[in-house]
Amino acid sequence: MDRLDREILGVLREDARISYRDLGTKVGLSANAAADRVRRMRRDGVIRGFTVLVDPTADAGPGLVVFIDVTLRLDTTNEEFEKVALKLPGITEVVHVTGEHDYLVRARAADPAALDGLLRRLKRDAGVARSDTRIALRAARSRTP
């Protein structure tokens with residue numbers, strides 16, 4: 001990767017739907033040259049995919065958004081936990097973190113009873129020894145990811 005590739009990645013981070021013509025204009029390349037660089041970075045695995053960022057308030061719907069700090073049992077590996085946890089309904093993200101806990105889990109639950117069921121399954125099926133749960137009340141986000 002060179003300076004131009006990094007510049008292209010910066011533009012794509014701001015707007016992954018930008019046309020190759022507009023991308024080329026922003027970085028000083030033709031549309032074809034910009035497209036070739038993006039294709040190469042995708043082929044080489046530098047760009048792993050494109051995604052949509054949804055405003056959490058737009059997708060709030062009914063239910064709870066929760067953050068669960070998780071400490072694993074000593075007999076549970078990270079790989080085992082991740083594999084099981086990501087298959088549980090409602091879990092949207094599992095992040096390995098530093099600090100007092102092993103993971104931060106983001107999930108949605110329809111109501112407190114569903115949250116209780118999710119916490120029980122994490123302990124029973126995913127090897128969680130301890131958890132601390134917080135309910136999201138509101139989210140503010142930067143316009144740039």
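This is a predicted model: local features need pLDDT of at least 70, side-chain atom pairs count only at pLDDT 80 or more; totals for chains, interfaces and linings use all residues.
Tyr20, Arg21, Leu23 and Gly24 of H2 touch Ala31, Ala34, Ala35, Val38 and Arg39 of H3. What covers the buried residues of H3 includes H1 (3–14) and H2 (20–27).

**H2 against H3**
- The two axes come within 7 Å and cross at roughly 95°.
- Angles of 65 to 115 degrees count as roughly perpendicular, so that is the label for H2 and H3.
- Sorted by type, the residues of the H2 and H3 contact are six nonpolar, one polar and two charged.

**H1 against H3**
- H1 and H3 pack at about 90°, and their axes lie 11 Å apart.
- That angle makes H1 roughly perpendicular to H3.
- On the H1 side, the contact uses Leu4, Asp5, Ile8, Leu9 and Leu12; on the H3 side, it uses Arg37, Val38, Arg40 and Met41.

**H3 itself**
- H3 covers residues 31–43, which is 13 residues.
- From first C-alpha to last, H3 reaches 18 Å, close to the 18 Å expected at 1.5 Å a residue.
- Its buried residues are Ala34, Ala35, Arg37, Val38 and Met41.
- Looking down the axis of H3, those buried residues fall within an arc of 160°, so they line one face of the helix.
- For background, an α-helix has 3.6 residues a turn, so residues three or four places apart point the same way.
- Over on the other side of H3, Asn32 and Arg43 are exposed.
- Just after H3 comes glycine 45, with a positive phi of about 85°.

**Glutamate 14**
- Glutamate 14 sits in helix H1.
- Its relative accessibility is 56%; the cut-off for exposed is over 50%, so glutamate 14 counts as exposed.
- Glutamate 14 and arginine 120 are 106 residues apart along the chain, and their C-alpha atoms are separated by 40 Å.

Key:
Residues are numbered from 1 along each chain as its sequence is written. Side-chain values use heavy atoms; hydrogens and water are left out. Helices (H or I, at least four residues) and strands (E, at least two) are DSSP runs, numbered from the N terminus. The expected span of a helix is 1.5 Å times one less than its number of residues. Buried means under 20% relative accessible area, exposed over 50%, partly exposed in between (1.4 Å probe, protein chains only). The arc is that of the directions from the helix axis to the C-beta atoms. Contact means heavy atoms within 4.5 Å. Axes are lines fitted to C-alpha atoms, for helices over the stretch in contact, and angles run from 0 to 180 degrees between N-to-C directions. Angles under 35 degrees count as roughly parallel, over 145 as roughly antiparallel, 65 to 115 as roughly perpendicular and the rest as oblique. Ala, Val, Leu, Ile, Met, Phe, Trp, Tyr, Cys and Pro count as nonpolar, Asp, Glu, Lys and Arg as charged, and the others, Gly among them, as polar.
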